[in-house]
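Welcome! Please have a look at the model shown here, and then let us walk through a few of its residues together.

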Amino acid sequence: MYCKLCGLPTPKPPIRDDGHEFCCHGCREVYRCFGDEIFAAGAPAATPEALPQGREAYLWIDGMHCASCEFLIRKIALRTHGILAAASSYATATAKIIYDPELIAESELPAILGRSGYRARLRGDAAPEYDERPDLLRLLTAGCLAAVVMMFSMLFVYPIHGGFLRPDDYEAMRWLAFEATPLALFALSSVLVFYVGWPILRGAWTGVRVGMLNMDALLALSILAAYGYSVVQLFHNPLDLYFEVAGTLVAIVTIGRYLERTARVRATRELKGIMQGWSPRACVLRDGKYEICNLDELVPGEHIFVRQGETLPVDGTIVGGQGAIDESLMTGEPFPVSRSTGQKVLGGSILLEGKLEIETGPEVECRLENLARILWNAQSSTAGIQSGVDRLARIFVPAVVVLAMLVGLGFHIGGAPLEKALLASLATLIVSCPCTFGLAIPLTTAAAISAALRRGIIVTSADLFEKAPRIDIVVFDKTGTLSTGAMAVVDVIGSADLVARAAAVERHSPHPVARAIARLDAGRTGSDVEVHPGRGALANVGGRRVAVGSRALFATLGWTIPEALASEAVNRAPAESVLSYVGWDGRAEGAIVTRDQSRPEWEAVIAHLRTRSRVALLTGAEHSNGYAEGVDEVHAGVPPEAKTAVIRRLKAGGTVAMIGDGSNDASALAEADLGIAFGVPTSLAAEAADVVIPGDRLERVVDTLELIAVTRRRIRQNLGWALAYNATAIPLAMSGLLNPLFAALAMSASSLLVVWNAVRPILRDESNPSRNLHFRELQANVAGFADPALHDK
């Protein structure tokens, strides 16, 4: 059976309430609060019975450059026997394929989607290094040759059209202007059209093969129309050429696309350390030998061995050993828990102390893998305003082609010479070139990504700036976001000597609580250390056997804790704190209180956000730990699977932004209208989010929202200009008042205006040289992601 709320498998026996079954108490409580309103606010939880029959596969798709590619990929996939369903997202460059494993193998899917020029790879495959040299060569060729073509046109072609230069004016320039220049323009434009413009032509041909006209189709028609007309005229009337029109179109589009791709590759390169995905391996004992194998090679009932510092690969039951386990990635709880023989553990957790032997259940499962599936389902079905623009283009393109043909036919029927009819038709086709549509969003997005990087903010979603213009509800995760996720000592009951002894004992332990206590004193170091995973430790310090740990440790040792000390310690320990007793000679002499620390700027950031939006706290911990007074609402004790349902319910009240850092936040980040991974996010959280803010500066959340708002406004301005330009220029071309030359100039001027508006400074202090400090800080933060020690929380 499956959970009524989140759709994940229920335990045996399941948790029942009011005739429904749930996978955990948190899901039950969320359903009690919100009921079926959750499903009214969005799609209900997907159970296996509701999915198309077949196996799911998720792929990364490189080479998508507009939302029309989503439609192309779907059509290409569905033409293959054995593929049952397909969906893709240009914004996240992902695809979800449902296929019949009896008819087609998963390993064949990348080659199937790659038949039309896309580069596809399965979710777990490593990303190949991208070779920029072909793109750089095309870019340099476009800039250099287009400049030469325009120079020749301005020196010779334009004066001829304007009547300033005639064959009999200058005998010395006759050959250069009227014979050599047309041939040079033909040669240079041929290189521009068929080499530099090859990606455009290939994209157009791909669309034609599957029966659709995309943005590339209209670009290709405009380029080839200007080029073809000029080639014909080269042999009949070499004074009437428009090679510069074709060259300008190719150069503008090539440069715009390169800027967009460069910004995306730059952001992806910075994220390389945290975007590796979830692909762990397991150590098993087979035929008396230890082997390392992939998760899909594990069988039910197999024993897995996990050492200190390693990640638990799958869910299971401990059959040997004990240890302190950090489950914060999965549950949101900031404190490590002690687990021993007979207790269940979650895949994705980190073993901080001890060694474990784990037995897999009747089915090899990993809770983190279930969360990953939720994440990929959300990612591969996202589309932004660019898809609306391309849907408009799918109507706009054939409409313009038909319109251009009708204009030419109308002029010819009306008695106009064939040349004039062709020029009017060509002017209509050229002036309506969708360069402004093609650049309005991508170039603005590229400029915004660069501005974000300079501020230490990484944009990971191409449709980030295309979402709803106003955020109504801002939801924060607690651990690692509003709090630092690091333990610190907040109170000491005892003398300075007691603190020094405790620090000497804990100096050998990697436990977060032990690290916090060890930082209190840098003096002595204990000897003959005895660690009790999840409980504490003992060591010889100054000739005494000193113990530091929980009440359970002192009970195990048979040491006493005076009632007065125990009462005082409990009263002074705040909620969600860890109480560690310190003693020697069989008796507790004092206590040290540690807890997860709040970020110093959290109150100011929350207060600023509350002037614009509602602010909510969403945490897997049972207590809000003093944050409730600063926010509008609190959802505590929510398990990872139910966080998605809470976000879905909140979306019924407006657009939602979610800020979190753990894998347990990944599905919620993907479900939210805007997902922000903060601090030292896990790979799943970073992949799910629209924005990654590395480091510990919470105020950058405010900078992010401001940058998004300005960029959205800039996109609307560019799209508004594109629509206004086409609404004005097309009627002029249809009337015959605009010849192809001025049509090309108008088109170029319109595109340049969009480019200028896109690349001008987005935020107020963009011109401040100190902004580079943020980028250097960003590089340091991102480089730190590769350090496993940073993921101890």
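## Threonine 80 and its loop

Threonine 80 sits in the loop that links helix H3 (68-78) to strand E4 (83-89). Helices (H or I, at least four residues) and strands (E, at least two) are DSSP runs, numbered from the N terminus. Threonine 80 counts as buried because its relative accessibility is 12%; buried means under 20% relative accessible area, exposed over 50%, and partly exposed in between (1.4 Å probe, protein chains only).

Which residues does threonine 80 contact, leaving aside neighbours within four places in sequence? They are Ile104, Ile112 and Arg115, where contact means heavy atoms within 4.5 Å.

## How the model is read

This is a predicted model, in which local features need pLDDT of at least 70 and side-chain atom pairs count only at pLDDT 80 or more, while totals for chains, interfaces and linings use all residues. Residues are numbered from 1 along each chain as its sequence is written, and side-chain values use heavy atoms, with hydrogens and water left out.

## Nonpolar cores

A nonpolar core is a set of buried Ala, Val, Leu, Ile, Met, Phe, Trp, Tyr and Cys residues joined through side-chain atoms within 4.5 Å. The largest one has 51 residues, of which Ile223 and Val431 touch the most other members. Helix H8 (residues 215-236) gives this core its largest share, 10 residues. Another core, of 39 residues, lies apart from it, and Ala447, Val605, Leu707 and Leu719 are among its members.

## Leucine 752

Helix H26 (residues 740-759) holds leucine 752, which is exposed, with a relative accessible area of 55%. Leucine 752 and isoleucine 252 are 500 residues apart in sequence, yet their C-alpha atoms are 8.7 Å apart in space.
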